[in-house]
Amino acid sequence: MRLIYFTLLGLFGISYASAQTQQFHQLTADDFKGMPRSDQFTVAYTNCSISFNYQARRERNYYLLDFNVGLTLNNYKSWLDRSRVTSPSLLAEVLKHEQGHYTIAYMEQQELLREFHKTVFYANYQSAAQAIFDRIDAKYKQLNLDYDADTQHMQNRTQQQSWDAYFKKRLMYMPQE
């Protein structure tokens with residue numbers, strides 16, 4: 001159960017720091033429509049994309065940016081090797097682990113929204129927005145790596161339970177903008 005985390009970036013246009021609301025998605029086996037790859041360690045793969053765009057409007061000596069930060073679960077790039085999932089309980093474990101990868105992407109999207117919203121942008125708004133994205137994206141890429149290393153791709157049940165509790169708490173207390 002491994003995630004190779006892809007991020008996509010879109011910078012378009014040029015206004016006021018606001019955000020789109022993203023509903024949290026609970027994964028099911030039906031979310032995995034991609035063709036499984038043969039890999040002795042990987043039973044499932046979750047592919048998510050984070051994208052952002054904005055419009056900017058100059059106000060005196062600063063810029064108001066209106067951001068849209070999207071999170072996409074790429075169903076046809078995400079896959080589940082159903083031939084190796086031999087019981088409903090194993091499927092539940094696999095889905096719970098893969099849910100962690102989705103949750104990490106969701107946490108990234110929400111942090112980007114909060115960070116963009118509280119930032120004052122000046123003439124260098126393009127590079128400033130990109131720097132925020134790059135910093136936060138790197139943080140969550142590392143979190144994904146740590147998650148798989150700590151849980152040994154779900155094999156370490158104790159660590160998986162610890163991460164599950166972490167995700168539950170983070171989602172419960174996710175700060176609003």
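Guide: Let us start with surface. Accessible areas come from the Shrake-Rupley method with a 1.4 Å probe, and for residues only the protein chains shown count as cover. Here the protein exposes about 9700 Å², and carbon and sulfur atoms supply 52% of it. Keep in mind that this is a predicted model, where local features need pLDDT of at least 70, side-chain atom pairs count only at pLDDT 80 or more, and totals for chains, interfaces and linings use all residues. Residues are numbered from 1 along each chain as its sequence is written, and side-chain values use heavy atoms, leaving out hydrogens and water.

Visitor: What share of the residues is buried?

Guide: Buried means under 20% relative accessible area, exposed means over 50%, and partly exposed lies in between (1.4 Å probe, protein chains only). Of the 177 residues in the protein, 45% are buried.

Visitor: How many helices and strands does the protein have?

Guide: Both are DSSP runs numbered from the N terminus: helices are H or I with at least four residues, strands are E with at least two. The protein has 3 helices and 4 strands, in the order β-β-β-β-α-α-α from the N terminus on.

Visitor: How do the axes of α1 and α3 cross?

Guide: Axes are lines fitted to C-alpha atoms, for helices over the stretch in contact, with angles from 0 to 180 degrees between N-to-C directions. The axes of α1 (residues 88-118) and α3 (residues 157-172) come within 10 Å and cross at roughly 40°. Angles under 35 degrees count as roughly parallel, over 145 as roughly antiparallel, 65 to 115 as roughly perpendicular, and the rest as oblique. The two helices are therefore oblique to each other.

Visitor: Which residues of α1 and α3 meet?

Guide: Contact means heavy atoms within 4.5 Å. From α1, the residues include His97, Ile104 and Met107, and from α3 they include Gln160, Phe167 and Leu171.

Visitor: Where does Gln152 lie?

Guide: Gln152 lies in the loop between α2 (125-151) and α3. Gln152 has a positive phi of about 50° although it is not a glycine, and it is partly exposed at 46% relative accessibility. His153 lies in the loop between α2 and α3 too, with a positive phi near 55° and a relative accessible area of 26%, so it is partly exposed.

Visitor: What is Asn156 in contact with, leaving aside its neighbours within four places in sequence?

Guide: With those neighbours left aside, Asn156 is in contact with Asp150 and Thr151.
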